[in-house]
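Please open the model in your viewer and keep the selection panel at hand. The tour below goes from one selection to the next and says what is to be found at each stop.

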There are 2 protein chains.
Amino acid sequence: MDISTHTSTVRPYTDVLGRLRDAGLRPTRQRLALARLLLSGGGRHVTAEALHASAISAGIKVSLATVYNNLHQFTTAGLLREVVVDSGITYFDTNTTEHHHMYYESEGLLEDAGSDFVIETKLPELPEGVRVKCVDVVIRVERDTN
Amino acid sequence: MDISTHTSTVRPYTDVLGRLRDAGLRPTRQRLALARLLLSGGGRHVTAEALHASAISAGIKVSLATVYNNLHQFTTAGLLREVVVDSGITYFDTNTTEHHHMYYESEGLLEDAGSDFVIETKLPELPEGVRVKCVDVVIRVERDTN
DNA sequence: ATAGCTGCAAATGCTTTGCAAGGCC
DNA sequence: GGCCTTGCAAAGCATTTGCAGCTAT
């Protein structure tokens, strides 16, 4: 069997091109470059502005509008997850698994909460026909001003 | 002892004027009216726009900018609490005690979660000099589309 | 060929700000 | 009177959109 004809459903994390294809997104120059910036490393939390800046300084010619478009397309495709911690700015997280966040409000810094953070919840009684989509937990922290 | 000279530190919930004074905020016509709208009832979740609309339809002449100003002053004074559930819109909660929220994203509806929701929280190890300000929990829900 | 993308600039929506006029102590 | 407030309009910011031109398949 020719390996080149083999279509795996388990893609290595670094097979960005394959992940785009699986998501039904054309690997255009800009999209592929953005996806590589985002998905090749470990967990990252980015804003559109920040990703745009990274892209530009990496020599990728892309507009901010395209960055926004792609961030949303990635999110819809399940490659990213949106995190709401601050009104007025949107963060995207490359870690799409269930986990919680720590937010340094004054610095605008978002981090994953360590796995040693435990919050036990008992879902409340919900009205008829209401379904939980997800439960978001944000630990708001600040540095001592010594 | 003349009752009128008595200064209580425990104000009835409906003593809006006293609460403003305690907060060091002048009871101007607009501020007092907004405070009454907000603080006289039970728990409420409002946006600036919504409060402005309530005020106008209650016959109170007030500008949107003033509503924003006052919402922030109330928040700083501890009379309100800001709730972040959606980027692009700010909610204010008249319930300043520790509790969590349920959010109907598609409707923009925010509600308190029952107090039995969070059972136990074990905070993570934090870096040196980092302090927890608060832990926010948002249950994102949606209605079945039957 | 054609459906999908991109870039630009303009538009949007919420929120903030500057400043002159007005109101509370 | 003096300082805080208000109102209006303009500015600000992050984000979205319209549309002509480009590009992957």
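Begin in chain A with A:Tyr104, which stands opposite A:Leu109 in strand 5 of chain A. The model you are looking at is a predicted one.

## The three-stranded sheet

Next, select the open sheet of three strands in chain A, whose order is 1-3-2 and whose pairing is antiparallel. Its edge strands are strand 1 (45–46) and strand 2 (81–83) of chain A, each of which pairs on one side only. Strand 1 of chain A is joined by two bridges to strand 3 (residues 91–93) of chain A, and these two strands run antiparallel. To see one residue pair here, pick A:Val46, whose bridge partner in strand 3 of chain A is A:Phe92.

## Where chain A meets chain B

Now display both protein chains and select the residues in contact, which number 37 from chain A and 39 from chain B. The area buried between chain A and chain B is about 3500 Å², and carbon and sulfur atoms give 52% of that area. If you colour A:Lys133, A:Arg140 and A:Glu142, you mark the three residues that supply 17% of the area that chain A buries against chain B, more than any other three.

On the side of chain A that touches chain B, strand 4 (101–104), strand 6 (118–121) and strand 7 (130–143) of chain A each supply at least two residues. Strand 7 of chain A gives the largest share of that side, with 14 residues. Colouring the side of chain A that touches chain B by class shows 20 nonpolar, five polar and twelve charged residues.

## Around DNA strand C

Move on to DNA strand C, which 20 residues surround, the closest being A:Thr28, A:Thr66, B:Tyr68, B:His72 and B:Thr90. Of the atoms of DNA strand C within 4 Å of the protein, 75% belong to sugar or phosphate, while the rest belong to bases. Zoom in on A:Lys61, a polar backbone atom of which is 3.0 Å from a phosphate oxygen of DNA strand C, and then on A:Ser63, where a polar backbone atom is 2.9 Å from a phosphate oxygen of this DNA strand. At A:Asn70, by contrast, a polar side-chain atom lies 3.3 Å from a phosphate oxygen of DNA strand C.

Helix 2 (29–39) and helix 4 of chain A, together with helix 4 of chain B, are the elements that give two or more residues to the surface near DNA strand C. Helix 4 of chain B gives the most, with four residues. By class, this surface near DNA strand C has six nonpolar, nine polar and five charged residues.

## Around DNA strand D

For the last stop, select DNA strand D and the 21 residues around it, of which A:Tyr68, A:His72, A:Gly88, A:Thr90 and B:Thr28 come nearest. Sugar and phosphate account for 80% of the atoms of DNA strand D that come within 4 Å of the protein. In the side chain of B:Thr28, an N or O atom is 2.7 Å from a phosphate oxygen of DNA strand D, and at B:Thr66 a polar side-chain atom lies 2.8 Å from a phosphate oxygen of DNA strand D. B:Gln30 has a side-chain N or O atom 2.8 Å from a sugar or linking oxygen of DNA strand D.

Finish by highlighting helix 4 (64–76) of chain A, which gives the most to the surface near DNA strand D, namely four residues.

Technical notes: Residues are numbered from 1 along each chain as its sequence is written. Chains are lettered from A and ligands numbered from 1 in the order in which they are written. This is a predicted model: local features need pLDDT of at least 70, side-chain atom pairs count only at pLDDT 80 or more; totals for chains, interfaces and linings use all residues. Side-chain values use heavy atoms; hydrogens and water are left out. A residue is near a molecule or strand if one of its heavy atoms lies within 4 Å of it. A polar contact is a pair of N or O atoms within 3.5 Å; within protein, one must be able to donate a hydrogen and the other to accept it, and residues adjacent in sequence count only if both atoms are side-chain atoms. Two strands pair if DSSP finds at least two bridges between them. Contact means heavy atoms within 4.5 Å. Buried area is the accessible area (1.4 Å probe) that two parts lose on being put together, summed over both. Ala, Val, Leu, Ile, Met, Phe, Trp, Tyr, Cys and Pro count as nonpolar, Asp, Glu, Lys and Arg as charged, and the others, Gly among them, as polar.
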